[in-house]
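This report covers selected helices, their packing and a set of salt bridges, and ends with the overall dimensions of the chain.

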Amino acid sequence: ENRKLKTENLILRIQFSLIVYIKITMSDKLYIFDTTLRDGEQVPGCQLNTIEKIEVAKALEVLGVDVIEAGFPVSSPGDFEAVQEICKTVSDTTVCGLTRAVAKDIEVAADALKFARNARIHTGIGTSPYHIKLKLNSNEDEIIERAVKAVKLARNLVPEVEFYAEDAGRSDNEYLAKVVEAVIAAGATIINIPDTTGYCLPDEYGAKIRFLMENVRGIDRAILSTHCHNDLGMATANSLAGIVNGARQVEVTINGLGERAGNTSLEEVVMAIHTRKDLPFDTGIQTQKIMETSRLVSSLMNMPVQANKAIVGRNAFAHSSGIHQDGVLKNRENYEIIEPAMVGVDESALVLTARSGRAALKHHLNRLGHDPNGDELVKIYDRFLILADKKKQLSDEELLMLIGNGATADQSVKLKLLQVVAGKSTIPMATVHLDVMGAARMATAEGNGPIDACMNAVKKIITSDFVLDEFLIQAITRGSDDVGKVHVKIFAENRPLYGFGADVDIITASVKAVVDAVSKMSIK
C-alpha cells in the first residue's frame, strides 16, 4: 500500500512538473502592470494632481499597459478622487487600487473603482519574519487568516483580486507557498511576489518563483507577478529571472520611479524581451511610444531622467568615442542592439567631443550640407580639436562657425595673440598681436572694460579711422562653457563693414569680430 501510494504521488509530481515546465517554456502573454501612479508617485517631490494623473493614465493606455495601479484610495481624498476619475477616463485597461488587508481599505477601494470597466483590488499583507513579528506583531497562522479574509471580502466587491505577499523576497519559501495556496483558494487570481526591499539576487528570486510554481496547489488558476525594487540595482534582472521561471505579470514603473532606489523599469523589461528573441513573450507594448511617455512622466513629476539611463536616457543612443562612431557609421549594429526608432528616438547621436574622429565630423558636416575632403577636412578637423578641447561637446551652430572661421585664412588682418588683464581692483588692459598683411604688429591699451581695452589696442594697430557702430553678443547654446558669437558693424571709409567672431571666450570672440570687419578695409 505504501509503495503504491508513493508511486502514485511520484507520478502526480512528475505530471505536475511537466505541466509547469510547459507553462514556463511556451510562448506566452506577459501582462504589464504599471504602478507609476501609485509606487512611482511615492517618490518625494513627484506627487501629481488629479488632472496630471489622468494625463499619465491616458498615456499609459496608449502605450499598451494591461493594468494601471491608479493609487491607494483610502490614503487620502485626493487619491480616492484620482482613482475614481481615472476609472471614468480609461477605456479598456484594467484599473487597480491598492489596499492593506483591512476591511475599510478594501471597501473604500471598491467604491473608488465602481466606474471602472475592468476593476481590480490589490490587497495583501507582510509574510517575512521581519513583517510578521516586527511590523505586525503577529504570527504565521494569523497572517494566513487575515490574508484569506481580505481576499474573500475583495472578491465579493470586484471581479478581480490580486494578492501581494509583502517582503516575499525575504520570506521562507515553504511558508510563502502556504500563504499563496490559501489566497488562491479564497479567490485571488493574481499573486504578487514582491522583493520589497530589493534584497534578492536574480537566481534566488527566480528560484523562489519556480518553487511556488512547483509546490502550490491550484497555481494553474492564478498568475504569479513580480514586483522588484532596485535597492541593489537588480530590479530588472530579478524581474526577468521571475518571468523566465514562470511569472506572467511584471509590475513596473516608467523611468524606474519608486520608493528609495526605485522599481523595475517598464522600458528595460519590455525592451529586454523585445531584443532577446530567446525570451518568447508578448507584452503588447507600443514600444515607439516609450520615449514620449518617459518624457511626459519626467516632466509632470519634475524628476529628470539620468543621462545614462537604459533605453530613455539622453545618452542611451549617443556615441562620442571616435572608434564607436566610426563603427556605427559603418553599421549601427556594431554598437547598438536596439534600433532607436523602436523606442521613439529619431536616430543615434554621434556626439562631437575631443574623442571624436574625422569620420564623425565629416558625417555631421555632410548632414549640414557641407562636403569637405582631403586637406580641407584636415584643416577643419584641426580647428575642431582646438575647440573641442575647450568644450564638452559641439553643437551644429558651432560646426558651422568652424567652417566660417576657415575664411580667416584669406583675411588681410588676423588675430595672433590676445592678453587681457581685468578685475574689480585693476584697470582693464589689453595687449593685441595682429598679423597685418603678413607683418606682425602689437599694441597695448587701457579701456573702460576688457572689451573696450581690446578695441583701443586694435585701433592703435589699425591706423585707419573706424567707428564701432553696432556690437551684438549671443550665446550659441546654453551654459558657461558654450561658444559665444559676436556680430559687429563698424563705419569706415564712408561705408558700413560687418564682422563675425566666435569663441568660448567672449572677449576673444569680440576681437575676432572686429578684426574680421577691419580686414575688409583698405589697409596700408
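Histidine 364 lies in helix α13. The model described here is a predicted one. With a relative accessible area of 10%, histidine 364 falls under the 20% limit and is therefore buried. Leaving aside residues up to four places away in sequence, histidine 364 touches Leu350, Leu352 and Leu399.

Helix α13 (residues 358-367) also packs against helix α12 (residues 322-330): their axes come within 8 Å and cross at roughly 55°. The arrangement of α12 is therefore oblique to α13. On the α12 side the residues involved are Gln325, Asp326 and Leu329, and these meet Ala359, Ala360 and His363 in α13. Sorted by class, the contact of α12 with α13 has three nonpolar, two polar and one charged residues.

## Helix α11

Helix α11 spans residues 290-300, and its buried residues are Ile290, Met291, Thr293, Ser294, Leu296, Val297 and Ser298. Which elements cover the buried residues of α11? The cover includes α2 (50-63) and α10 (266-275). Just after α11, asparagine 302 has a positive phi of about 55°.

## Salt bridges

The whole structure contains 25 salt bridges.

| Arginine 170 | Aspartate 167 | 3.1 Å |

In the pair of aspartate 167 and arginine 170, the two side chains meet in a salt bridge. Aspartate 167 is buried, with a relative accessible area of 0%, whereas arginine 170 is partly exposed at 26% relative accessibility.

Arginine 260 counts as exposed, at 52% relative accessibility, while aspartate 231 is partly exposed, with a relative accessible area of 31%.

Lysine 489 is buried at 15% relative accessibility, and glutamate 470 is partly exposed at 44%.

Elsewhere, Arg38, Asp39 and Glu69 are linked in a network of salt bridges.

## The chain as a whole

How many helices and strands does the secondary structure of the protein come to? There are 17 helices and 18 strands. The radius of gyration of the protein is 33 Å, well over the 24 Å that the globule rule gives for 524 residues, so the protein is more spread out than a compact globule. Along the principal axes, the C-alpha trace spans about 120 × 50 × 40 Å.

Buried residues make up 50% of the 524 residues. Of the contacts between residues at least 6 apart in sequence, 65% join residues at least 24 apart.

Definitions and conventions
Residues are numbered from 1 along each chain as its sequence is written. This is a predicted model: local features need pLDDT of at least 70, side-chain atom pairs count only at pLDDT 80 or more; totals for chains, interfaces and linings use all residues. Side-chain values use heavy atoms; hydrogens and water are left out. Buried means under 20% relative accessible area, exposed over 50%, partly exposed in between (1.4 Å probe, protein chains only). Helices (H or I, at least four residues) and strands (E, at least two) are DSSP runs, numbered from the N terminus. Contact means heavy atoms within 4.5 Å. Axes are lines fitted to C-alpha atoms, for helices over the stretch in contact, and angles run from 0 to 180 degrees between N-to-C directions. Angles under 35 degrees count as roughly parallel, over 145 as roughly antiparallel, 65 to 115 as roughly perpendicular and the rest as oblique. Ala, Val, Leu, Ile, Met, Phe, Trp, Tyr, Cys and Pro count as nonpolar, Asp, Glu, Lys and Arg as charged, and the others, Gly among them, as polar. A salt bridge is a side-chain nitrogen of Lys or Arg within 4 Å of a carboxyl oxygen of Asp or Glu. The radius of gyration is taken over C-alpha atoms; the globule rule is 2.2 Å times the number of residues to the power 0.38.
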